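Here is a briefing on a two-chain model. It covers the interface, the salt bridges and the helix packing.

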Amino acid sequence: MKEVSTTPPELVIPSGADPLLTVEHLTMRFGGLVAIDDVSFSAGKGEITAIIGPNGAGKTTLFNCITGFYTPTVGRLTLTARGEEYLLERMDGFRIAQKAHVARTFQNIRLFSEMSVLENLIVAQHNELMRASGFTVTGLFGLGGYRKKEKEAADLARYWLDKVNLTHLADINAGNLPYGDQRRLEIARAMCIKPTILCLDEPAAGLNPKESSELNKLLIYIKDEHDIGLLLIEHDMSVVMEISDHVVVLDYGSKISDGTPLYVRSDPNVIRAYLGEDEDEALPPEVAADIAKDFDPENREGV
Amino acid sequence: MNQSNNNTTAIDFKALLKESGIAALVALGLAIVLVGFKTVDTPTGMDITTRWVWVVVAVASVFVGRLAFAVRRESKASRAPVHVDMKAKENRAAIIVNRFSTIGGPLFIGFALVLPFMPFADRYVVDVATYVLIYVMLGWGLNIVVGLAGLLDLGYVAFYAVGAYSYALFAAYFDLSFWVCLPLAGLCAAGFGVLLGFPVLRLRGDYLAIVTLGFGEIIRVILLNWYEFTGGPDGLSGIPRPSFFGLELKRTAAEGEQTFHQFFNLDYSTMHRLIFLYYLILILALLTNFFTIRIRKMPIGRAWEALREDEIACRSLGINPTNTKLTAFALGAMFAGFAGSFFATRQAFISPESFTFIESAVILAIVVLGGMGSQVGVAIAAVLLIGGTELFRGLEEFRMLAFGGLMVAIMVWKPRGLLAHREPTIKLHPNGAPPPIKQAATEGGVK
């Protein structure tokens, strides 16, 4: 792990005040390839933590470790929420969502495309409904208050459909929605598992500027009203700089910077990772100018 | 054809002729061997005769058929608008399916209920109808595994065999009645479903199909070779018939018991038993149907469909894929077990001959042709395929040709099955969607 250069203290986020997710010494190896190398950080409750970094930096691998799709080689992942402490690295993939209520979305949207929009949101409440239906036995005979529970599930789905502005499309197949709607539906579906932390893998990818700013509003709304943590992988710097409270920068699997957006933007390590170290490795000037523009706070208002 | 050529691209007849020629060439290659030569018994032994006329007929009909098919396709393509309205297409499918299931469904059931009392319902008709209903039930059972859970199962007949043999063996060794054995056979088959399910949990699609295919063969080979227990190729005979609430459907009853015709003061007729068996399988099949319709609206049913769509997304929502898959295998197998024990009691004799791979293929064909997941579609496909091939019995050796032709015709005409539309299991707007709220311009739908 590279050393982070000395920083003015007021710019670094005092994370650890109310940590929701603590990642300690996380390492993930695939054979000889080290995808994540000794990464530690923490994400707070009621905070948006953005994870950024160049392509191949290990961001999605980190997500897959947190959400149980990979079992980390080394490291501890502690989730403290609702009075319980969960050690995520010891849990089976689906149990992380079932017990610890860690929700996620995917870089390439994964909806149940042949099922209706509403059904997508009902499936997300599977475990609660399973219990209410007496593991299908009593539900099959219409006993045990399953009807009532299903109605409640539909109400929760309705709430989120209203929030993502898809209520009028509730009964059509999810696969028939336009791309931007599918992205929002995936977030709504993740929210239906009543998460403690919501992990979003490039939610703004492929959205136009208007959709992107609507997404920002939605994420801030979720953070403020539902008091959960958000973990965000994003390439779109306008999104990152505008809404995140805390930014973690990865490069080649290592953490190179960690702090407020303001701090990270001026961190020489980050600039080096994005813009190249010397002339031989430098990006073409027009690309470098583009990236610099993205980082510029004056510019992002126009997006 | 000429009118359509004016505004769009002309049909390339040369290419079409070439396409038909190639098809005819393939047909020629097949027909020379399959149709061209026939072995005949002569007093001195076997002899080969040739039937070149039939070869010419076969090749010519393939050529003409392919050409007609291609011309129709091309003319349709040249006339079709560039943008096909998928929404309208889907709506039309929805209307057709709804009409079928709201009017057609009860109509079918009503017809099935009165069938044995129709004037034309002789012994043969009731027998064929019973046979068709076994396949309807198997189709509905497999529909749980393939149509809902999306697990391609090529060894479904194994569970059918388990059900049949468990009834026959329970009856032979423990002298249990049909009504006790029916649930036991279902449980046994479900147990085997879980047994098969465990090793294949990680497999999908083609790989899963191969393993299930192997499982089906393993069961058959065990039944064939475990001579002491299952009777091997000799099979099991003398399987007891079911009773009607304790009344035997026989000419004479055992000491101190009554038979069905004595109790109801009827003349003895063998039709009674056939009609009884017909109603028995009808009830079992309808039970399967209502169970499936109901469980689709349960969380487990929705989880099956979600698993078919995307397993990774299911895991991210906290759905246990292991349990979900195993219940699909177990419940699908259970209905095959019920059907199997009915089959055993109807035939009174079973042998491994009845449970070959072709049976699995036919059941799978019924599900796929009916439209995966569609209950009415599966029933129609079973009637067409099983009843149809009975109708073609007069064609003798060309019967399988008719069977295959029917399958190809359905797949060309309806590539996704007869009734492929899927109705959502829960609706927010049962009476049609409200117009979209124009919020985006002001608030973006948030707050």
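Angles under 35 degrees count as roughly parallel, over 145 as roughly antiparallel, 65 to 115 as roughly perpendicular and the rest as oblique. Axes are lines fitted to C-alpha atoms, for helices over the stretch in contact, and angles run from 0 to 180 degrees between N-to-C directions. Helices (H or I, at least four residues) and strands (E, at least two) are DSSP runs, numbered from the N terminus.

This is a predicted model, in which local features need pLDDT of at least 70 and side-chain atom pairs count only at pLDDT 80 or more, while totals for chains, interfaces and linings use all residues. Residues are numbered from 1 along each chain as its sequence is written, chains are lettered from A and ligands numbered from 1 in the order in which they are written, and side-chain values use heavy atoms, with hydrogens and water left out.

**Helix packing in chain A**

- α6(A) and α8(A) pack at about 135 degrees, with axes 11 Å apart.
- The two helices, α6(A) and α8(A), are therefore oblique to each other.
- From α6(A), A:Y159, A:W160 and A:K163 meet A:L218, A:Y221, A:I222 and A:H226 of α8(A); contact means heavy atoms within 4.5 Å.
- This contact of α6(A) with α8(A) has five nonpolar, one polar and one charged residues. Ala, Val, Leu, Ile, Met, Phe, Trp, Tyr, Cys and Pro count as nonpolar, Asp, Glu, Lys and Arg as charged, and the others, Gly among them, as polar.

**Interface between chains A and B**

- In chain A, 54 residues are in contact with 46 residues of chain B.
- The area buried between the chains is about 4,300 Å², that is, the accessible area (1.4 Å probe) that two parts lose on being put together, summed over both.
- Carbon and sulfur atoms give 61% of that area.
- A:F94, A:L140 and A:H168 supply 15% of the area that chain A buries against chain B, more than any other three residues.
- Two salt bridges are counted between chain A and chain B; each is a side-chain nitrogen of Lys or Arg within 4 Å of a carboxyl oxygen of Asp or Glu.
- One salt bridge joins the side chains of A:R110 and B:D310 (3.0 Å, N to O).
- Elements that each supply at least two residues to the side of chain A that touches chain B include α2 (93-98), β6 (102-104), α6 (146-163) and α8 (209-226) of chain A.
- α6(A) gives the most to that side, with eight residues.
- The side of chain A that touches chain B divides into 24 nonpolar, 15 polar and 15 charged residues.

**Salt bridges overall**

- Over all chains, the count comes to 23 salt bridges.
- A:K194 pairs with A:E128 in a salt bridge, the closest N and O atoms being 3.0 Å apart.
- A:K194 lies in the loop between α7 (179-191) and β7 (197-201) of chain A and A:E128 in helix α4 of chain A, so the pair ties together parts 66 residues apart in sequence.

**Helix packing in chain B**

- Helices α11 (residues 271-296) and α14 (residues 321-347) of chain B have axes that come within 11 Å and cross at roughly 175 degrees.
- α11(B) and α14(B) are therefore roughly antiparallel to each other.
- Their contact includes B:L284 and B:F291 of α11(B) and B:F335 and B:F342 of α14(B).
- By class, the contact of α11(B) with α14(B) has nine nonpolar, two polar and one charged residues.
- Helices α5 (residues 123-148) and α15 (residues 357-370) of chain B pack at about 75 degrees, with axes 9 Å apart.
- That makes α5(B) roughly perpendicular to α15(B).
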